[in-house]
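Please keep the sequence and the model in view while reading.

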Amino acid sequence: MDAPTGPVPAPRGRSAVGPSWVWRSLAAIGVLVSALVHLVLWTRGYDDLDIVGPLFLVNAVGGVVLAVLLLTWRHWLPLVGSIVFAAATLLAFVTSATSDLLGVSSQLVGPNELIAAAAELLAVVAATVALVREQAH
């Protein structure tokens with residue numbers, strides 16, 4: 001009997017492109033946009049703040065790394081990392097907007113704040129959906 005020719009179909013739920021890949025891509029967009037907002041803010045004066053400045057730079061680098069990992073490493077760790085990253089960043093923002101966090105007070109409404117908050121919510125939801133879908137297979 002001859003070996004089959006042509007492409008071998010991927011096992012069900014394991015294709016590179018599919019619902020899980022879409023959710024991973026959305027999570028990557030969310031963490032990347034959050035990272036870019038924090039980088040922009042870091043270049044616009046946050047770099048002068050003692051503790052928060054370096055944290056904004058770490059956030060920017062971490063978001064870029066997570067976005068790359070989400071798209072290149074099909075493992076649950078980047079998904080969990082993205083959930084923690086986005087939720088912690090959003091929590092820090094809400095805390096700084098409602099009280100004083102490490103000497104910094106933010107506003108709840110502004111272009112950077114709304115973009116980052118929406119991106120972080122997107123990252124949490126998309127990474128969670130991708131994680132649940134991938135763990136079910």
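**Surroundings of His 38**

Apart from its neighbours within four places in sequence, His 38 is in contact (heavy atoms within 4.5 Å) with Phe 56, Asn 59, Thr 89 and Glu 120. With Asn 59 there is also a side-chain to side-chain polar contact at 3.4 Å, a polar contact being a pair of N or O atoms within 3.5 Å in which, within protein, one must be able to donate a hydrogen and the other to accept it, while residues adjacent in sequence count only if both atoms are side-chain atoms. His 38 has a relative accessible area of 9% and is therefore buried, where buried means under 20% relative accessible area, exposed over 50% and partly exposed in between, with a 1.4 Å probe and protein chains only.

The model is a predicted one, in which local features need pLDDT of at least 70 and side-chain atom pairs count only at pLDDT 80 or more, whereas totals for chains, interfaces and linings use all residues. Residues are numbered from 1 along each chain as its sequence is written, and side-chain values use heavy atoms, with hydrogens and water left out.

**Helix H1**

His 38 lies in helix H1, residues 19-43; helices (H or I, at least four residues) and strands (E, at least two) are DSSP runs numbered from the N terminus. The 25 residues of H1 should span 36 Å at 1.5 Å a residue, and because its end C-alpha atoms are 36 Å apart, the two values agree; the expected span is 1.5 Å times one less than the number of residues.

The buried residues of H1 include Arg 24, Val 31, His 38 and Leu 41, and their cover includes helix H2 (52-72), helix H3 (76-98) and helix H4 (111-136). After H1 comes Gly 45, which has a positive phi near 120 degrees.

**The salt bridge**

The whole structure contains 1 salt bridge, defined as a side-chain nitrogen of Lys or Arg within 4 Å of a carboxyl oxygen of Asp or Glu. The side chains of Arg 24 and Glu 134 form a salt bridge at 2.7 Å, N to O. Since Arg 24 belongs to helix H1 and Glu 134 to helix H4, the pair ties together parts 110 residues apart in sequence. Arg 24 and Glu 134 are both buried.

**The chain as a whole**

The chain has 4 helices and 0 strands, and 33% of its 137 residues are buried. Of the contacts with a separation of 6 or more, 73% join residues 24 or more positions apart.
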